[in-house]
Amino acid sequence: MRILTWNCNLNLRKKYELIEAFSADLMIIQECEKLPADYFPNSSYFWTGVNENKGIGVIIRRGAGQVSQLHDPNLIYFLPVETDDLRVLALWAFNHRAKRFGDDAVGKVPIAIDHYREWLGESEMGVIGGDFNNSAIWDNRRKDNNFSDINSQLSALSFESSYHLHSGDAYGSETASTYYQTKDQQKKFHIDYIYTKGLQLKGLEVGGYDDWIEHSDHVPLVTTYA
């Protein structure tokens with residue numbers, strides 16, 4: 001099984017061939033447009049968002065799935081998708097910026113994890129992935145959205161970060177970056193993650209700056225499991 005997450009920076013339909021080459025079974029895409037469910041060949045496409053040009057999508061290839069009935073649109077850019085044996089919580093964390101969509105809008109990962117906690121726990125295999133817009137380098141004890149707290153919360157649910165399991169890097173000291181602010185190679189951060197439970201990690205790839213910067217300010221993170 002292969003999983004990919006990528007913030008495509010708009011116009012997924014024009015960029016799909018770039019990621020199709022990875023032959024991922026599950027793709028979590030941020031900043032993508034709303035498209036018909038059968039738009040991509042031999043795949044199912046699920047999407048949620050406020051702006052039809054810029055939301056979050058999940059592509060499942062060669063398999064069936066559906067958006068969970070527990071989906072709460074007020075949890076901005078969190079999309080729960082389920083298959084027969086897998087629960088997927090795709091995310092594009094707006095954090096405090098979600099309030100621009102109204103007083104009831106929530107964009108913080110810890111609140112979304114609490115909301116979907118039981119649903120995630122009902123399956124032996126699960127994936128939580130996407131653009132967290134967060135890193136341990138920004139942790140502050142006065143904040144309610146520290147990344148180290150999110151990681152502990154996920155660990156308590158038996159989810160592990162595939163990148164950190166593979167690399168051995170400490171959180172906040174990642175040697176590979178997934179985001180380049182304003183596409184500047186010097187302004188690099190690791191803010192995209194794939195957490196899983198019940199899957200045996202076999203390999204991992206992080207896209208290179210030179211290969212992807214023309215297409216987005218993020219690079220893909222791709223994981224392979226037994």
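**Charged pairs and their surroundings**

Reply: D114 counts as partly exposed, at 44% relative accessibility; the term covers values between buried, under 20% relative accessible area, and exposed, over 50%, with a 1.4 Å probe and protein chains only. This is a predicted model, in which local features need pLDDT of at least 70 and side-chain atom pairs count only at pLDDT 80 or more, while totals for chains, interfaces and linings use all residues. Residues are numbered from 1 along each chain as its sequence is written, and side-chain values use heavy atoms, with hydrogens and water left out.

The partner of D114 is R117: the two form a salt bridge with their closest N and O atoms 2.6 Å apart. R117 is likewise partly exposed, at 32% relative accessibility. A salt bridge here is a side-chain nitrogen of Lys or Arg within 4 Å of a carboxyl oxygen of Asp or Glu. Side chains of opposite charge can pair when their charged atoms come close. By this rule the structure holds six salt bridges.

Another of these joins E52 to K34, with 4.0 Å between the closest N and O atoms. E52 belongs to the loop between β3 and β4 (54-61) and K34 to the loop between β2 and β3, so this pair ties together parts that are 18 residues apart in sequence. The strands named here, and the helices named below, are DSSP runs numbered from the N terminus (helices: H or I, at least four residues; strands: E, at least two). K34 has a relative accessible area of 46% and is partly exposed.

A contrasting setting is found around R87, which is placed in strand β7. R87 forms a salt bridge with E82, the closest N and O atoms being 3.7 Å apart, and both of these residues are buried. For R87 the relative accessible area is 15%. E122 joins E82 and R87 in a network of salt bridges. The side chains of R87 and E122 also make a polar contact of 3.0 Å. A polar contact is a pair of N or O atoms within 3.5 Å; within protein, one must be able to donate a hydrogen and the other to accept it, and residues adjacent in sequence count only if both atoms are side-chain atoms. Leaving out residues up to four places away in sequence, the residues that R87 touches include W119, L120, S123 and M125, where contact means heavy atoms within 4.5 Å.

Strand β7 (residues 87-92) pairs with strand β8 (residues 126-131) in the parallel sense over six bridges; two strands pair if DSSP finds at least two bridges between them. Within this pairing, L91 stands opposite G130 in β8. Both strands belong to an open sheet of six strands, in the order β5-β6-β7-β8-β12-β9 and with mixed pairing. At its edges are β5 (66-67) and β9 (160-161), each of which pairs on one side only. Strands of a sheet pair through backbone hydrogen bonds, either parallel or antiparallel.

D169 is located in the loop between α5 (162-167) and β10 (179-180) and counts as buried, at 16% relative accessibility. Its side chain makes a polar contact of 2.6 Å with the side chain of Y163. The side chain of D169 also reaches the backbone nitrogen of T175, at 2.9 Å. With residues up to four places away in sequence left aside, D169 touches Y163, H164, E174 and T175.

Charge also meets an aromatic ring. R97 lies over the face of F94, 4.2 Å from the ring centre; a charge sits over a ring if NZ of Lys or CZ of Arg is within 6 Å of the ring centre and within 35 degrees of the ring normal.

Rings of Phe, Tyr and Trp (its six-membered ring) pair if their centres lie within 6.5 Å; planes under 30 degrees apart count as stacked, over 60 as edge-to-face and the rest as tilted. One of these pairs is the tilted one of Y16 and F40, at 4.3 Å centre to centre with 35° between the planes. Both Y16 and F40 are buried.
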